[in-house]
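Biologist: Could you walk me through the aromatic rings in this one? I'd like a close look at how they pair up and what sits around them.

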Amino acid sequence: MNAVEIRTLTKKFGDITALDGLSLNIEKGKITGLIGADGAGKTTLLRTIIGLLVPDAGEISVLGFNPATQKNDLIVHIGYMPQKFGLYEDLTVLENLILYADLKDVPHDFKKMLEFTSLTPFQDRLAGDLSGGMKQKLGLACTLLGNPAFLVLDEPSVGVDPISRRDLMRMVREMMGPETTVLWSTAYLDEAHSFDTSVVIDKGRIIYDGIPSALGATAQEFEEKVIELMGGYKAEESQIAKNYRYRAAEVDLTVEADNLAKRYGDFYAVKNNTFKIKKGEIFGLIGPNGAGKSTSFKMMCGLARPTEGTARIMGIDIRTDPERARSNLGYMAQKFSLYGTLTVEENLEFFGAAYGIGILDRGKRVDDIMEIFSLKEYADQKSEDLPLGLKQRLSMACALIHNPPILFLDEPTSGVDVLTRRDFWNHITSLAKKGVTVMVTTHFMDEAEYCDRISLFYHGETIAIGTPAELKERAGATTMEDAFINLIKESEKQ
């Protein structure tokens with residue numbers, strides 16, 4: 001029996017066709033994964049299914065209701081978690097649950113939910129102070145209130161570490177009843193491989209609908225087949241790296257952390273952090289949400305002052321000469337840090353000025369970087385209107401506009417589809433081959449494989465450091481995700 005039946009669904013936004021005669025059945029009581037490139041129509045499809053958008057043509061039935069004309073009857077049976085879930089960050093965990101329980105008109109009985117999500121010790125903590133993984137667990141808990149018959153989750157695990165991703169999946173599987181249907185949009189293809197059914201959407205049409213294992217027995221095989229269905233990806237020489245001219249590093253050890261620590265009161269966000277990165281090396285920081293990766297990044301960039309220890313960028317101490325140290329690196333923040341109301345060209349001009357490029361040289365440098373990053377045709381477009389892949393490219397262009405020999409990337413591909421991620425990493429590895437030093441954080445364990453060395457962070461400390469192969473061997477694992485989880489568990493035992 002089908003929970004959702006869609007026939008020749010069409011939805012346009014001006015001249016853009018988001019859904020193009022799409023037809024799909026979603027089986028009742030199953031978890032269906034929805035995957036596709038940025039702009040493929042995933043979010044439009046989800047919003048049309050739950051009645052937030054009205055289609056231009058076609059038929060749709062959800063739990064026997066027409067979402068366009070019977071939205072109020074349908075909505076009481078649906079739990080919807082949008083891409084950016086609307087938690088109230090100035091309310092506590094418990095207050096958020098009470099608010100959503102009142103909106104859904106369900107009792108304030110949260111004991112089981114708090115225990116299940118491991119949020120009981122944090123129920124009086126402000127939602128804004130939770131780690132990324134905890135925020136997603138709270139968001140999912142709010143969505144699950146009232147035991148909805150149909151769960152619609154729009155990339156609930158984006159930016160979440162592998163342990164928290166598995167916890168989210170466990171939450172859904174254990175709390176859904178035999179008749180509960182789940183539609184789960186995701187950017188993680190290993191996650192999609194674990195679903196009952198996978199649906200691949202491309203240019204507003206379904207190009208695959210079936211059992212994931214029919215495409216590939218392993219998650220890696222599945223990913224390769226999905227990429228092939230989406231048009232394939234051919235790794236070619238990165239034009240960005242080919243044309244990029246950076247200030248050559250004059251030292252072999254371009255980045256050094258020396259017993260770096262950051263304390264807030266009695267709490268250490270980072271402690272005893274020590275490592276050295278060579279010129280042209282890709283060095284990865286991985287770890288669970290809240291492990292201290294971003295805090296380390298901010299200290300290394302001179303954006304947060306260390307409580308103890310120091311760091312050196314190109315041999316320059318960030319505590320004694322932070323401005324000169326920062327001039328040698330480009331920083332791409334975890335959250336999209338561009339100015340949405342400024343155009344592509346205006347953002348580049350702003351960051352050029354911020355990095356100290358003089359007004360006489362700035363115009364030419366902006367033109368050059370737009371040419372290198374193939375951004376000229378978007379020069380007058382507001383950055384908030386760009387697709388996510390182009391936003392990421394613009395963010396990198398802003399970070400590299402002053403030709404730094406070092407690039408810091410804090411979760412640069414979070415929420416980006418698999419094709420865009422591969423293209424982005426092609427640029428990163430090509431830049432490293434030219435001699436640019438790269439320090440990067442990521443929650444995609446397949447991306448960790450691109451790193452020359454990795455530091456695994458947990459509770460603010462490095463618990464393992466080495467090449468991907470060395471970490472897998474130490475953990476007795478065949479994949480980086482299993483190595484990540486095994487090493488964390490080993491650390492907890494100690």
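Modeller: Let's start with a word we'll need: a residue is called buried when its relative accessible area is under 20%, exposed when that is over 50%, and partly exposed in between. Keep in mind that this is a predicted model.

Now to the rings. There are eight aromatic pairs in the structure. Take F275 and F283: their ring centres are 4.9 Å apart and their planes meet at 25°. Planes under 30 degrees apart count as stacked, so this pair is a stacked one. And are these two residues buried or exposed? F275 and F283 are both buried.

Another stacked pair is W425 with Y450, where the centres are 5.1 Å apart and the angle between the planes is 20°. Where do these two partners sit along the chain? W425 belongs to helix α15, which covers residues 418–434, while Y450 is in the loop between α16 (445–448) and β18 (453–458). The two are 25 residues apart in sequence, so their pairing ties together separate parts of the chain.

F297, Y331 and F408 are linked by ring pairs into a cluster.

Next, look at what lies over some of the ring faces. R165 is placed over the face of Y188, 3.9 Å from the ring centre. R421 does something along those lines with F444: its charged end sits over that ring, 3.8 Å from the centre.

The protein chain has 18 helices and 19 strands. Its C-alpha trace spans about 70 × 55 × 45 Å along the principal axes. For 494 residues, a compact globule would have a radius of gyration near 23 Å, and the chain has 23 Å, so the two agree. What share of the contacts between residues at least 6 apart in sequence joins residues at least 24 apart? That comes to 69%, and the W425–Y450 pair, with its 25 residues of separation, is a handy picture of parts being tied together.

Terms used: Residues are numbered from 1 along each chain as its sequence is written. This is a predicted model: local features need pLDDT of at least 70, side-chain atom pairs count only at pLDDT 80 or more; totals for chains, interfaces and linings use all residues. Side-chain values use heavy atoms; hydrogens and water are left out. Rings of Phe, Tyr and Trp (its six-membered ring) pair if their centres lie within 6.5 Å; planes under 30 degrees apart count as stacked, over 60 as edge-to-face and the rest as tilted. Buried means under 20% relative accessible area, exposed over 50%, partly exposed in between (1.4 Å probe, protein chains only). Helices (H or I, at least four residues) and strands (E, at least two) are DSSP runs, numbered from the N terminus. A charge sits over a ring if NZ of Lys or CZ of Arg is within 6 Å of the ring centre and within 35 degrees of the ring normal. The radius of gyration is taken over C-alpha atoms; the globule rule is 2.2 Å times the number of residues to the power 0.38. Contact means heavy atoms within 4.5 Å.
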